[in-house]
Amino acid sequence: MDDIVTVSNVSKTNIYYHYKNKEELLIAIVDQLIDRYDRQISLVLSQDELSIPDRLDRMLRLFADHQEQQDILGGCPFLTLYTQTAHVSEEVAAKIKAFFDWQLIGVERLLEFGQQRGELSQNMPTAATAALIVTSVEGALFVAKACARPRLLEELRHGLVSMLMLKR
């Protein structure tokens, strides 16, 4: 809490007025982070005027842009928060799990919609492909950070979109 007081220039009393303890503050931070990503991802996924590959491309660019703008220990804020706090806050772990579940479902629905529109192969297993996309992004965020290869996300983005556009 002392570090937060130093960085925020807010008194410890004021922080404890709004948050009873560190876990409450952590939950508020996670909620704010999830809300920001939810809004941005939802906006991209709802752009019906764009093709499915273009929407996925924009979603992947969103993650790449966030990774470049922020210096996050594990590359992904959720991976970092989960590994550092899941053992002390079941609520934070549950919120991060729900966020990833929401992402998987959202990408799967988008892929199904692409199949309905004839943009994607009818033979593509949507749940497995959604899992591949989401886990690849998370892994790429970590590897890009660990190996100091920020272009790795751009390479992943290009590879995933190209893979989706293979002959149907």
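This text walks through a predicted model of one protein chain, from its overall build to a few single residues.

Start with the whole chain. The protein chain holds eight helices and zero strands. Read from the N terminus, its elements run α-α-α-α-α-α-α-α. Along its principal axes, the C-alpha trace spans about 60 × 30 × 30 Å. The protein chain has 168 residues, and buried residues make up 42% of them. Now consider contacts between residues at least 6 apart in sequence. Of these contacts, 61% join residues at least 24 apart.

Next, look inside. In soluble globular proteins, nonpolar side chains tend to be buried together. Here, the largest nonpolar core has 40 residues. Those with the most contacts inside this core are Ile41, Leu56, Met59, Phe78, Val107 and Leu111. Which helices build the core? At least two residues each come from helix 3 (22-45), helix 4, helix 5 (77-85), helix 6 (90-116), helix 7 (126-146) and helix 8. Helix 3 gives the largest share of this core, with nine residues.

What does Phe78 touch, leaving aside residues up to four places away in sequence? The answer is Leu33, Ile34, Tyr37, Ile96, Phe99 and Phe100. Several of these names return in the next step.

Turn to the aromatic rings. The structure holds six aromatic pairs. One of them joins Tyr37 and Phe78. Why is this pair called edge-to-face? The ring centres of Tyr37 and Phe78 are 5.2 Å apart and their planes stand at 70°, so the pair is edge-to-face, a label for planes over 60 degrees apart. Tyr37 lies in helix 3 and Phe78 in helix 5, so this pair ties together parts that are 41 residues apart in sequence. Tyr37 is buried too, with a relative accessible area of 2%.

Tyr37 has another ring partner, Phe99. The centres of these two rings are 6.2 Å apart and their planes are at 75°, so this pair is edge-to-face as well. Tyr37 sits in helix 3 and Phe99 in helix 6, so the pair links parts 62 residues apart in sequence. Phe99 is buried, with a relative accessible area of 2%. Tyr37, Phe78, Phe99, Phe100 and Trp102 form one aromatic cluster.

Now search for empty space. Rolling a probe the size of a water molecule over the atoms shows where empty space is left. A search of the whole structure finds two cavities of 30 Å³ or more. Take the second largest cavity, with a volume of about 30 Å³. Its lining is made of Leu60, Ala64, Val137, Leu153, Leu156 and Arg157. Helix 4 (52-69) and helix 8 (152-164) each supply at least two residues of this lining. The largest share, three residues, comes from helix 8. What kinds of residue line this cavity? Five are nonpolar, none is polar and one is charged.

Arg157 lies in helix 8. Is Arg157 buried or exposed? Its relative accessible area is 9%, and buried means under 20%, so Arg157 is buried. Not counting residues up to four places away in sequence, Arg157 touches Asp57, Leu60 and Arg61.

Compare another arginine, Arg36. Arg36 is found in helix 3. Its relative accessible area is 28%, so Arg36 is partly exposed, a label that covers values between 20% and 50%. Arg36 and His87 are 51 residues apart along the chain, and their C-alpha atoms are separated by 24 Å.

Finish in a loop. Most residues other than glycine have a negative phi. Ala148 has a positive value, with phi near 50°. Where is Ala148 placed? Ala148 is in the loop between helix 7 and helix 8. Its relative accessible area is 62%, and exposed means over 50%, so Ala148 is exposed.

Technical notes:
Residues are numbered from 1 along each chain as its sequence is written. This is a predicted model: local features need pLDDT of at least 70, side-chain atom pairs count only at pLDDT 80 or more; totals for chains, interfaces and linings use all residues. Side-chain values use heavy atoms; hydrogens and water are left out. On a 1 Å grid over the protein atoms alone, a cavity is a set of points where a 1.4 Å probe fits but cannot get out, and a pocket is an open set with protein on both sides within 12 Å along at least five of seven lines; lining residues have an atom within 4 Å of a point. Grid points are joined across faces, edges and corners, and a volume is the space filled by probe spheres set on the points. Helices (H or I, at least four residues) and strands (E, at least two) are DSSP runs, numbered from the N terminus. Ala, Val, Leu, Ile, Met, Phe, Trp, Tyr, Cys and Pro count as nonpolar, Asp, Glu, Lys and Arg as charged, and the others, Gly among them, as polar. A nonpolar core is a set of buried Ala, Val, Leu, Ile, Met, Phe, Trp, Tyr and Cys residues joined through side-chain atoms within 4.5 Å. Buried means under 20% relative accessible area, exposed over 50%, partly exposed in between (1.4 Å probe, protein chains only). Contact means heavy atoms within 4.5 Å. Rings of Phe, Tyr and Trp (its six-membered ring) pair if their centres lie within 6.5 Å; planes under 30 degrees apart count as stacked, over 60 as edge-to-face and the rest as tilted.
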